[in-house]
Amino acid sequence: MDRISFYWKNASVDAVGKDHGVSVKDLKALAPRIARITKSIAEGRKKGEFRFRQLPYDADMIDSINREVEHFRDRCDVLIVLGIGGSALGNIALQTALNPYTYNLQSDRTRTGPLLFVLDNVDPDVIKSVVDFVTPRLKKTILNVISKSGDTAETAAQFVLFRELLQKKLGKRYTENVLMITDPEKGALRKVTKEEQYRSIDYPAGVGGRFSVLSPVGLFSAGMCGADIEAMMGGAADMDKRCKELDIMANPAAMIAAIHYLLDQRGKKMSVMMPYSSSLYGLADWYRQLWAESLGKQDGLRQKNLFTGQTPVKALGTTDQHSQVQLYREGPNDKIFTFLEVERFDQRPIIPDSLKHVSELEYLAGSTFQKLINSEKAGTEYALLKSGRPTTTVVFPRISADTLGQFFYLYETAVHYMGELLEIDTFNQPAVELGKKATFAVMGRKGYEALAAEIAPVAVKDKGFML
Ligand code: PA5
């Protein structure tokens with residue numbers, strides 16, 4: 001197996017100085033706490049807690065995904081994933097990482113699965129464009145509706161619209177074009193699933209949205225589009241072994257958390273993830289949700305009004321060298337950077353040597369785009385180092401189902417360690433829940449009248465504040 005590696009030399013005091021880096025002494029001082037966390041996680045797992053850690057071993061769940069992929073594969077030209085946040089970001093990350101940039105433009109012959117649209121929003125223009133696109137293709141359009149709660153307004157609205165479209169075209173048989181992934185008992189979408197007898201897979205119990213990519217949530221659409229689910233779970237299981245190590249120096253999740261924690265305490269309030277690969281950009285988006293929703297907490301487990309959380313930022317190499325790096329080098333030194341680097345890209349286009357005679361372009365002649373993108377990463381890392389900015393790097397030997405499985409598992413575990421170090425509840429998201437309820441109230445959902453009355457006076461369109 002190609003293992004991903006985590007490098008932290010350029011976040012060390014030797015590289016960026018004692019105010020901006022971590023030392024082996026710092027890490028050793030934190031090691032006993034880390035070891036206690038590792039032990040308590042292991043004990044919790046034995047009692048059935050932290051269910052996301054068990055997903056790679058859930059053979060029944062993997063069978064149910066494979067069964068549904070098998071069932072739908074030949075009857076699906078277009079797959080529409082209806083979901084948002086944790087019920088969509090993993091799907092997007094997997095699709096962009098594993099399939100070519102031009103996937104949806106390829107012919108049916110070359111594409112490894114159906115056309116895929118993951119809505120992840122309720123932008124009316126986007127929705128209408130997808131509606132227009134699928135209207136002549138409804139017979140072989142499958143809706144994969146994903147919602148843990150089964151009540152989220154965005155997903156429910158998307159579903160009502162596409163359900164009606166299918167029903168008008170296919171009549172009663174439209175139900176055959178739906179796969180629901182939701183709570184086995186609760187929520188409006190489960191109610192409709194039971195009433196209308198859709199095929200469904202249970203949203204795994206005890207697994208939050210942002211920890212759900214390695215479950216039917218992320219894996220059904222990935223499997224439909226050609227991903228090797230077994231390899232992905234194999235990668236995740238391999239990372240699990242590495243993340244059980246008591247020794248912080250051998251446990252990459254503990255190490256990522258420790259470095260971020262120590263630097264957060266020293267004022268690095270932002271965490272930038274910068275893949276040097278467009279295919280991996282979706283991972284940075286996924287990471288943003290994981291880090292923000294898990295760590296951005298007002299109250300701690302022991303202390304109120306902590307207001308914790310590093311702000312996660314996504315950037316893209318090399319693109320953002322021409323947009324953000326000025327700030328990253330000369331703006332406030334309040335960030336820790338994580339590069340994602342790919343050692344061997346699948347494709348190796350060569351830069352032709354036809355302009356070799358132009359002296360300024362000679363260095364490019366006959367070289368590869370892989371060499372260029374990785375040289376630019378090395379250049380940016382060096383430039384940040386010169387400005388005393390701490391950087392770490394996750395190296396992917398290749399982008400594959402198994403390295404992605406490793407990555408997702410690594411960061412889900414790392415954020416758990418980080419939450420334990422910060423002494424917060426990593427797995428709740430009370431602030432998101434309030435926003436969801438407020439949407440119900442503003443939209444006029446029954447039972448939310450009192451909240452609607454509270455919201456009305458804070459509406460932004462107050463003429464007293466209009467220019
Ligand atoms: O991580 C989370 O819990 C959230 O981002 C949810 O995934 C998101 O709000 C969607 O919720 P649901 O899956 O209940 O529709």
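Biologist: What separation do you get between the centres of domain 1 and domain 2?

Modeller: 32 Å, taken over C-alpha atoms. Bear in mind that this is a predicted model. The domain assignment gives domain 1 as 5–44 + 232–422 and domain 2 as 59–203.

Biologist: And what makes the contact between them?

Modeller: Domain 1 puts in 14 residues and domain 2 puts in eleven residues. About 910 Å² is buried between the two, with 78% of that from carbon and sulfur atoms. On the domain 1 side, Met 233, Ser 279 and Gln 289 lose the most area, together 39% of what that side buries.

Biologist: How many salt bridges cross that interface?

Modeller: Zero, by the rule used here.

Biologist: Why do you say strand 2 and strand 3 pair?

Modeller: Pairing takes at least two bridges. Strand 2 (residues 78–82) and strand 3 (residues 115–118) have four and run parallel, so they qualify. In one of these bridges, Val 78 has Leu 115 as its partner. With helix 4 (residues 89–98), the two strands make a right-handed β-α-β unit.

Biologist: What makes strand 1 and strand 8 edge strands?

Modeller: They belong to an open sheet of five strands in the order 1-10-9-7-8, with mixed pairing. Strand 1 (5–7) and strand 8 (311–314) each pair on one side only. For strand 8, four bridges join it to strand 7 (residues 270–275), in parallel, and Val 272 stands opposite Val 313 there.

How values were computed. Residues numbered from 1 in each chain as written. Predicted model: local features only at pLDDT ≥ 70, side-chain atom pairs only at ≥ 80, totals over all residues. Heavy atoms only, no water. Right-handed = clockwise from strand over helix to strand, strands pointing away. Domains from an automatic or database assignment. Contact = heavy atoms within 4.5 Å. Buried area = accessible area lost by both parts, 1.4 Å probe. Salt bridge = Lys/Arg side-chain N within 4 Å of Asp/Glu carboxyl O.
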